[in-house]
Amino acid sequence: MSEFQTYKNDLTKTRVVETDIGQALANLAQGDILVHIERFAFTANNVTYGAAGNTIGYWKFFPAKDNASDEWGCLPVWGFAEITASKVDGLPVGERIYGYFPPSDFLVMSPIKVSDARFVDGATHRAELPPVYNNYLRLAAESNYDQSMDNIRALLNPLHVTSFCLCDSLQEESYYGGEQVLVLSASSKTAIGMAQGLADDDGAPTIVGITSRANYDFVQSLGCYSEIVCYDELDAINSSKPTVMVDMAGNRAVLGALHGSLGDNMLSCVSVGMTHWETLADNDPLAAKINRERSSFFFAPAHVQKRIGDWGQDGFNQRTGAFMMTRMQQSAGWMRVEEVSGFDDFSKVYDDVVVGNMNPNEGIVVLTS
């Protein structure tokens, strides 16, 4: 059995460590289950987990094995698993679940708050981490569950929860009074979900997608952006309009250029992703132009918990479920899923995702066996 690990200080470096499922089974305690991780998605969102691994705590969810130096970590992923051993009443062997996992063959979990629909992993080391990541859905309880949609769900659900939260947050703030919303990295799947959601809001400002020239045709074909601007023509953006920015990339040079040209018309800059993790050091003179007083990092789990408090868990699930179902239907026309088998093949495509070489209409799903 194997576990895919990433070097914390350089996301391009990886290794595969052998694990001992026999020992895990022998040590399985009362109240624990062992699940076989069947498949998981890997996107730029997972790169963000690595870039923010120390500041937000993503490395803490699944401590890496054989890691005395603490230099290696497991990038969390979203996917599907089957219970293969259980010492928990009501969670039978053979049941399948959806949720947050390490890129590994198996995981030992300590379920609490078990209901027909879900449970929480009550492992001690996860208790202080954002609770949204500790919830697992029991697929047998889903009346409309369609296993043929597993790949799309693994790829898009985590991203579209963030998309929903961004739409909801912008609407709650009345778009900060902005007349246009600039979306950096407009080809990213989270950005697409958000733009599609905003396109359904008759009260939304102009939505301007900013993308590379290579992705221009793809972004234009989506039909969810009012305007599209390439990175090499940022001066074409109307800097006289009150503007809100939603940044999915974390490229300080681009942010600095836009903050500089917009000046006081830059009302709010919401940072979501950090796929350009290599630019995070303040080593570009344009970074000095970033208006940090009007910039903030959007942490979707905090917004999720806020809305669960406002609407209740069922109300939140109903609203996000409707949003994500619409987005998944819209994605059917452009999403192409590439399945890779095993961690050796995953290693080959991992590098492309980390350095941003993936086509925006592609999604990677890793089959562990």
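**Strand β1.** I started with β1 (residues 2–7), which runs antiparallel to β2 (residues 14–18), with 5 bridges joining them. For the record, helices (H or I, at least four residues) and strands (E, at least two) are DSSP runs, numbered from the N terminus, and two strands pair if DSSP finds at least two bridges between them. β1 and β2 make a hairpin with 6 residues between them. I also found β4 (residues 72–73) antiparallel to β1, over 2 bridges. T6 stands opposite T14 in β2, and T6 also stands opposite G73 in β4.

Is β1 enclosed or open? 6 of its 6 residues are buried, so β1 is largely enclosed by the rest of the structure. Buried here means under 20% relative accessible area, exposed is over 50%, and partly exposed is in between (1.4 Å probe, protein chains only). One face holds S2, F4 and T6, the other E3, Q5 and Y7, and both are covered.

**Ground rules.** I noted that this is a predicted model, where local features need pLDDT of at least 70 and side-chain atom pairs count only at pLDDT 80 or more, while totals for chains, interfaces and linings use all residues. Residues are numbered from 1 along each chain as its sequence is written, and side-chain values use heavy atoms, with hydrogens and water left out.

**Confidence.** pLDDT is the predictor's confidence in each residue, from 0 to 100. The protein averages 91, and 96% of the residues score at least 70. Residues 275–280 fall below 50, though this stretch has 22 contacts in the model beyond near neighbours in sequence. Contact means heavy atoms within 4.5 Å. Where pLDDT is low, the predicted coordinates should not be read in detail.

**R126.** I found this arginine in the loop between β9 (118–121) and β10 (135–138). Why do I list R126 as buried? Because its relative accessibility is 1%. Its side chain makes a polar contact of 2.8 Å with that of N134. A polar contact is a pair of N or O atoms within 3.5 Å; within protein, one must be able to donate a hydrogen and the other to accept it, and residues adjacent in sequence count only if both atoms are side-chain atoms. Leaving aside neighbours within four places in sequence, R126 also touches residues including F61, F62, Y100 and D121.

**Cores.** A nonpolar core is a set of buried Ala, Val, Leu, Ile, Met, Phe, Trp, Tyr and Cys residues joined through side-chain atoms within 4.5 Å. The largest has 87 residues, and Y100 and F346 are among those with the most contacts inside it. Helix α4 (residues 150–172) gives the most to this core, 9 residues. Apart from it I found another core of 15 residues, including I210, L258, L262 and C269.

6 strands form an open sheet with parallel pairing, in the order β13-β12-β11-β14-β15-β16. β13 (227–230) and β16 are the edge strands. β14 and β15 pair over 5 bridges, with T243 opposite M266 in β15.

What does α7 pack against? Its buried residues pack against β11 (180–184), β12 (206–211), β14 (243–247), β15 (266–271) and β16 (295–297). Among those buried in α7 (residues 252–262) are L258 and L262. At its start, a side-chain oxygen of N251 reaches to within 3.1 Å of the backbone nitrogen of A253. Just after α7, G263 takes a positive phi of about 60°.
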